[in-house]
Amino acid sequence: MIKDNFLKNILDDLAQKGLKRELKSLDGPQNARIMLNGKEVLNFCSNNYLGLADDERLCQAAIECIKKEGLGSGASRLVCGNMSAHRRLERKIAQFKGVESCLVFNSGYAANVGIISGLFGRGDIIFSDKLNHASIVDGIILSGAEFKRYPHKDVQALEGFLKNAGGFKKRAIITDTVFSMDGDITPLSEISRLAEQYDAWVMVDEAHAFGVLGEKGKGAVEYLGLDGKIDIQMGTLSKAVGSFGAYVCGSQELIDFLVNKSRSFIYSTALPPAIAAASLKAIEIIENEPQRREKLWENTKYLKKKLDDLGFDTLGSQTPIIPVLAKESKLAVEFSRRLLAEGIFVQAIRPPTVPVNTSRLRVTVMATHSCNDLDLAVEKFMKTGKELSLI
Ligand SMILES: *Cc1c(COP(=O)(O)O)cnc(C)c1O
């Protein structure tokens with residue numbers, strides 16, 4: 001059958017290049033230690049930075065909400081799915097972020113696709129950092145706006161592009177604040193200044209910064225002292241928040257506009273209210289327990305220094321995302337496989353998620369890793385890195 005061969009040939013080709021992706025199976029909750037394929041391992045690849053995903057208080061908030069509001073939301077927000085938990089969560093996020101208004105989406109992916117394609121279209125131009133998340137790329141493609149990628153964090157190149165973009169109806173600069181595979185931070189002050197100079201909108205994706213960066217954990221915008229200066233702030237509730245969904249923050253007009261024009265918001269059933277209730281509880285915890293964030297950063301600095309001292313290339317990481325470069329895809333996969341055999345779970349990240357010849361292990365640190373956990377990981381990285389002649 002030609003149909004069968006089509007799939008098999010592509011899968012065989014991926015496997016041969018070391019690029020085939022396979023699912024691993026988790027049993028039990030998500031935290032620093034997990035049951036993977038029936039064995040307990042140390043988890044160094046979760047975005048559950050603060051260890052909230054299995055927090056008893058989040059679970060309890062969800063259970064309480066189910067008792068009051070039931071499980072399903074029944075319809076999209078605009079039809080009859082705008083439940084009390086959604087509205088409470090949006091008020092909380094707006095207050096926490098210090099913005100006029102907030103809208104919750106069903107996921108970060110849905111938010112980026114819906115925000116970008118709702119706001120921008122033909123006749124507009126969007127400038128996007130080359131390493132932006134795939135959901136931003138997909139949103140831009142769907143929007144039909146002119147799409148220009150600028151080299152990673154290169155504000156000079158960005159300015160060059162902006163200079164020549166006077167003929168477009170709207171100009172927008174979209175960037176991750178913390179880059180998801182490199183763990184570095186965007187030069188947002190410069191970007192914001194350019195945006196002012198060239199009359200461009202700025203949209204940021206705080207997926208890996210919300211709950212992680214800033215004195216209060218509000219994200220990179222707070223950390224960089226840019227509160228009030230960014231038009232569109234998007235972030236997820238699925239990473240440090242430990243729950244699910246995403247938000248966009250900005251002016252009341254922006255939110256009203258998206259309610260009317262954002263198709264992934266309009267044409268999708270609202271989040272289950274219990275998920276919104278759990279997110280709300282998590283944000284209260286983030287507000288009231290800064291010690292979690294402090295521990296996360298302490299762990300991050302400790303592990304990064306140890307990996308650097310061993311001679312690994314951690315690229316330009318500035319956050320709890322610490323890439324360990326292996327370059328070649330098969331080598332990255334073998335590195336990950338050997339670490340797992342030693343009880344350390346770190347995923348290999350390969351093209352097309354990252355550029356060719358930059359395959360890496362993506363180590364993520366959590367507040368709930370103990371000192372012993374970190375030391376064990378360092379020991380195994382040293383052993384395995386030497387075996388593979390990476391150090
Ligand atoms: C994870 C992520 C998303 C997608 O968020 P989900 O809630 O997982 O759909 C969007 N942007 C960035 C930068 C991310 O890392």
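Asp-12 is partly exposed in this predicted model, with a relative accessible area of 40%. Its partner in a salt bridge is Lys-8, and the side chains of the two meet at 2.8 Å, N to O. Lys-8 also counts as partly exposed, at 47% relative accessibility. Why do Lys-8 and Asp-12 lie about one helical turn apart? Because they are four residues apart in helix α1, which covers residues 2-16.

Side chains of opposite charge can pair when their charged atoms come close.

## Salt bridges across the chain

Take Arg-292 and Asp-55 next: they form a salt bridge in which the closest N and O atoms are 3.4 Å apart. Arg-292 lies in helix α13 (residues 290-310), while Asp-55 lies in the loop between β3 and α2 (56-69), so the pair ties together parts that are 237 residues apart in sequence. Are these two residues buried or exposed? Arg-292 counts as buried because its relative accessibility is 18%, under the 20% cut-off for that class. Asp-55 counts as buried too, with a relative accessibility of 9%.

Another salt bridge joins the side chains of Asp-182 and Arg-360, at 2.8 Å from N to O. This pair also links distant parts of the chain, 178 residues apart: Asp-182 sits in the loop between β7 (171-176) and α8 (188-197), and Arg-360 sits in strand β14 (residues 359-364). Asp-182 is buried at 12% relative accessibility, and Arg-360 is buried with a relative accessible area of 2%.

Elsewhere, salt bridges that share partners join Glu-334, Arg-337, Arg-338, Glu-342, Glu-379, Lys-380, Lys-383 and Glu-387 into one network.

| Salt bridge | N to O distance |
|---|---|
| Lys-8 and Asp-12 | 2.8 Å |
| Arg-292 and Asp-55 | 3.4 Å |
| Asp-182 and Arg-360 | 2.8 Å |

## Strands and sheets

Arg-360 leads us on to the sheets. In β14, Arg-360 is the bridge partner of Ile-349, and strands β13 and β14 pair in the antiparallel sense over two bridges. They belong to an open sheet of three strands with the order β11-β14-β13 and antiparallel pairing. At its edges stand β11 (321-327) and β13 (348-349), each with a single partner strand, so one side of each is left without a neighbour in the sheet.

A second open sheet has four strands in the order β1-β2-β3-β12, and its pairing is mixed. Which strands form its edges? They are β1 (26-27) and β12 (344-345), each of which pairs on one side only. Within this sheet, strand β2 (residues 33-36) and strand β3 (residues 39-43) pair in the antiparallel sense over four bridges.

Strand β4 (residues 101-105) is mostly covered, with five of its five residues buried. In a regular strand the side chains alternate between the two faces of the sheet. In β4, Ser-101, Leu-103 and Phe-105 point one way and Cys-102 and Val-104 the other way, and all are buried. The strand pairs with β10 (residues 246-250) in the antiparallel sense over five bridges. In β10, Ala-246 is the bridge partner of Phe-105.

## Around the ligand

Finally, turn to the ligand. How many residues surround it? There are 14, and the closest are Gly-108, Tyr-109, Asp-205, His-208 and Lys-239. The shell divides into two nonpolar, nine polar and three charged residues. Helix α5 (residues 108-119) gives the most to this shell, with three residues.

A nitrogen atom of the ligand is 2.6 Å from an N or O atom in the side chain of Asp-205. A polar side-chain atom of His-133 lies 3.4 Å from a nitrogen atom of the ligand. With Tyr-109, the backbone takes part: one of its N or O atoms lies 2.9 Å from an oxygen atom of the ligand. On its own, the ligand has 380 Å² of accessible area, and the protein covers 86% of that.

Notes: Residues numbered from 1 in each chain as written. Predicted model: local features only at pLDDT ≥ 70, side-chain atom pairs only at ≥ 80, totals over all residues. Heavy atoms only, no water. Near = heavy atom within 4 Å. Polar contact = N/O pair within 3.5 Å; in protein donor to acceptor, adjacent residues only side chain to side chain. Areas by Shrake-Rupley, 256 points an atom, 1.4 Å probe, with all protein chains shown as cover. Nonpolar A, V, L, I, M, F, W, Y, C, P; charged D, E, K, R; others polar. Pairing = 2+ DSSP bridges. Salt bridge = Lys/Arg side-chain N within 4 Å of Asp/Glu carboxyl O. Buried < 20%, exposed > 50% of the residue type's maximum accessible area, 1.4 Å probe, protein only.
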